[in-house]
Amino acid sequence: MAARLVQRCCRRLFGGSTFASLATPASLLAPASKTVIARALPQAPLASLHASSLSRQIDKLSVQEQGYSRLPENTEIDELIESASSPEDLLHVGEHHSLNGNQASALVIHLSQLVAEKKLETESILQDSRFQQVLNVLNSQISRVRNGSLLPLLKSLDLLGLERNKRELRSVKQEVRWRLRRLDFRQIVSLAEYVGASKQAEDQNELLSDMVKHLELRWTEIGDTRAVVALMVKVGHLSQTLMDRLEDKALELAEQFTAEDIRKVALALALQKRRSVPLLRAISYHLVQKHFTLSTSILVDLAFAYGKLNFHQTQVFQKMASDLHARVPEMAPGDVMRCIKSFAYLKWLNLPLFEAFAQFTLDNADRFTILNLCNVILSFARLNFQPSCSENFYNMVHEKLGDQLGSLNPHLLTDLVWSLCVLQQAKTPYLQSVLAPQFYSQLLADRTPRGQNYRLKLMHINAAARLESPGYQGPFLPPDALSAPEPPGDRKATPLQSSLQEVLNGVAKYEVNRRFNVHTIYGWQLDAEMMLNSDNQPLPIKDFAAPHLLQSEGTKTAPHGTSR
């Protein structure tokens, strides 16, 4: 490339013959020619003049071809742009001075800063002819804009609200794509943050694709926690390969993470459903060992992330519970609900913390939405938690939910009543609302796995209504709704179930004395069932009535002292 540049300059400065003699390599000249030239040079001042002129021309051409690579000196125009205190001042500079590409980009960047600081409307600026003139300069000289100004320029045009299909904005984006190889890694990280947060990300597929490819190739250049955290949050979800490498880098830098970094990494993993056990163990270790002072928002987000990933770390949970317990009275109802729900997913119960949550819910019932209150009930049922203030608590719940049952969607209402049955707080109105024919018919018609799950819950509610609610008179599910739900697939017996069946076959001696995989009308499947007389001897179970089966094979009444 350097040789071609020298040849071009020589052609401009000298004629073809002169250039030919100068361009001939010394190694190809005869020894006599070398002597002649060596003697002639000191006596030829014209040659010295041409040599110095050649040097100047080469420097000039180099600057012209690589205009963006050399920083221009500060000029009067640059000072006017920097000192401008209003959009009008900047537009005045653009109107009365001839700008180059770098000055036009500096003007647009400063203009966007003023708009953001003063919260100005941009519509009048975008329609101003002086601004359009600046955009024309940018479009014609975009290749000369410095790398350091190119990304701020792209962000500024976006902030000013320039339409995404405008020629000038598309020109800047295209220039960024062309220069990706020449951007340093810090600039690519900044670009990733901008593109990842942009509302127009769907319109930047080509830029996104190119940027991710460069990140996949240059990931080893990551040297600080800010870069790895930003990339995991903003663009990690775009590439499995990139995210794998970012997780490796995060594991390497985990010791340097701040509490905020840990929060962002944990949330990125949770939202992408990436259960990276080594990385989760590392950030858990540093959370415990470094004794960070964690804000309430960080604690709530960490609880969500651990719950979403179903990652158990008792020491971290204990630290979170200890820090949260004292702050419960100051928390927002939404944060309290999120914490309760997250710990419920983890099936981790800290009694002092949940007592505080229950008391907070009772004291601030008016601040809880119906949906939040339903989520609290569902979470308590998942943990089988009964607060010490249960009487007052459930009185409040019945009062808040009593006239709102009809406004809940069918699935949420079923979950709510099922949870109240688990907590033994389901009253007649709740049972009637889901066991009414017009309600359960829409759920029973659903044959999807989700529909089968809710059919099972309806059977549980029906069983609670029959067995645990003496005052309840109906309605109930019809017999045809009590058959065993369709299995999710070919479910093989577990080793424990296989061992149990093997042992019971030996104890029962005969097949008539036992049953395996018994589907009951209550929605529960029994692994095995036997009947023993008062002497603990097996009885032919199929001869006796079985009220827990949809269709009993026998009709005999069990003898006194028989146990099932």
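This is a predicted model: local features need pLDDT of at least 70, side-chain atom pairs count only at pLDDT 80 or more; totals for chains, interfaces and linings use all residues.
Trainee: Is Ser-419 buried or exposed, and which helix holds Ser-419?
Mentor: The relative accessible area of Ser-419 is 2%. Buried means under 20% relative accessible area, exposed over 50% and partly exposed in between (1.4 Å probe, protein chains only), so Ser-419 is buried. Helices are DSSP runs of H or I with at least four residues, strands are runs of E with at least two, and both are numbered from the N terminus. Ser-419 lies in residues 410-422, that is, helix 24.

Trainee: Leaving aside neighbours within four places in sequence, with which residues is Ser-419 in contact?
Mentor: Contact requires heavy atoms within 4.5 Å. With the sequence neighbours within four places set aside, the partners of Ser-419 are Ile-377, Leu-378 and Ala-381.

Trainee: What is the geometry of the pair formed by Phe-393 and Tyr-394?
Mentor: Rings of Phe, Tyr and Trp (its six-membered ring) pair if their centres lie within 6.5 Å; planes under 30 degrees apart count as stacked, over 60 as edge-to-face and the rest as tilted. The structure holds 14 aromatic pairs. In the pair of Phe-393 and Tyr-394, the ring centres are 5.2 Å apart and the planes stand at 85°, so the pair is edge-to-face.

Trainee: Why do the buried residues of helix 26 line one face?
Mentor: The buried residues of helix 26 (residues 437-444) are Phe-439, Tyr-440, Leu-443 and Leu-444. The arc is taken from the directions from the helix axis to the C-beta atoms. Seen down the axis, these buried residues line one face because they fall within an arc of 120°.

Trainee: In which sense do strand 1 and strand 2 pair, and which residue of strand 2 is the bridge partner of Phe-516?
Mentor: Two strands pair if DSSP finds at least two bridges between them. Strand 1 (residues 514-519) and strand 2 (residues 525-530) have five bridges, in the antiparallel sense. Their hairpin has five residues between the strands, and Gly-523 takes a positive phi near 95°. The bridge partner of Phe-516 in strand 2 is Ala-528.

Definitions and conventions:
Residues are numbered from 1 along each chain as its sequence is written. Side-chain values use heavy atoms; hydrogens and water are left out.
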